[in-house]
Amino acid sequence: QVQLVESGGGLVQPGGSLRLSCAASGRIFSINVMGWYRQAPGKQRELVAGITSGGRTNYADSVKGRFTISRDNAKNTVYLQMNGLKPEDTAVYYCNAAVSVSMYSGFNNYWGQGTQVTVSS
């Protein structure tokens, strides 16, 4: 019913930048919170940043001042601008969205397939 498709991952040197995008499509009535999570090998998935439909944001302490989350509500798309990347940012990054498919239903969580970000010299 709802698909989230991420793009923009890749290999970058320490100190470099990447921009991730995630577009939601399908049967969408409204989207509440959208966010980015990441999971490094051997670690639990963790929240990187989130943004409400009204534009309120929150960030993990480890990325504050380096990453910026934004969204385009008209396009059902969320972005993550990542600057000053460090090797410890290496992980698979997942998009998440709380989506309602009709005015009579609540919000359900949907996940993208993930995109690899590798920070290495």
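The disulfide between Cys-22 and Cys-95 is left-handed, because the torsion about its S-S bond is about -80 degrees. The structure holds one disulfide, a term that here means a pair of cysteine sulfur atoms within 2.5 Å. This is a predicted model, in which local features need pLDDT of at least 70 and side-chain atom pairs count only at pLDDT 80 or more, while totals for chains, interfaces and linings use all residues. Residues are numbered from 1 along each chain as its sequence is written, and side-chain values use heavy atoms, with hydrogens and water left out.

**Disulfide**

- The sulfur atoms of Cys-22 and Cys-95 are 2.1 Å apart.
- This pair links distant parts of the chain, with Cys-22 in strand S3 (residues 18–26) and Cys-95 in strand S9 (residues 91–100), 73 residues apart; strands are DSSP runs (E, at least two residues) numbered from the N terminus.
- Cys-22 is buried at a relative accessible area of 0%, and Cys-95 is buried with a value of 0%; buried means under 20% relative accessible area, exposed over 50% and partly exposed in between (1.4 Å probe, protein chains only).

**Sheet**

- Four strands make an open antiparallel sheet in the order S1-S3-S8-S7; two strands count as paired if DSSP finds at least two bridges between them.
- Strand S1 (2–7) and strand S7 (67–72) stand at the edges with a single partner strand each, so one side of each has no neighbour in the sheet.
- On average, neighbouring strands of this sheet are turned by 15 degrees against each other, direction ignored; the axes are lines fitted to C-alpha atoms, and angles run from 0 to 180 degrees between N-to-C directions.
- S3 pairs with strand S8 (residues 77–82) in the antiparallel sense over six bridges, and Arg-19 has Gln-81 in S8 as its bridge partner.
- S7 and S8 also pair in the antiparallel sense, over six bridges, with Met-82 in S8 as the bridge partner of Phe-67.
- In a regular strand the side chains alternate between the two faces of the sheet.

**Hairpin turn**

- S7 and S8 form a hairpin with four residues between them.
- Asn-76, in the loop between S7 and S8, has a positive phi near 50 degrees although it is not a glycine.
- Most residues other than glycine have a negative phi.
- Asn-76 counts as partly exposed, because its relative accessibility is 24%.

**Salt bridges**

- The whole structure has four salt bridges, each a side-chain nitrogen of Lys or Arg within 4 Å of a carboxyl oxygen of Asp or Glu.
- Arg-38, Glu-46, Arg-66 and Asp-89 are linked in a network of such bridges.
- Arg-38 meets Glu-46 at 2.7 Å, N to O; Arg-38 is buried at 6% relative accessibility, and Glu-46 is partly exposed at 35%.
- Asp-89 forms a salt bridge with Arg-38, with the closest N and O atoms 3.0 Å apart.
- Asp-89 lies in the loop between S8 and S9 and Arg-38 in strand S4, so this pair ties together parts that are 51 residues apart in sequence.
- Arg-66 and Asp-89 meet at 2.8 Å, N to O, and both residues are buried.

**Glycine contact**

- Gly-50 is found in strand S5 (residues 46–51) and is buried at 5%.
- The C-alpha atoms of Gly-50 and Gly-35 are separated by 4.0 Å, although these residues are 15 apart along the chain.
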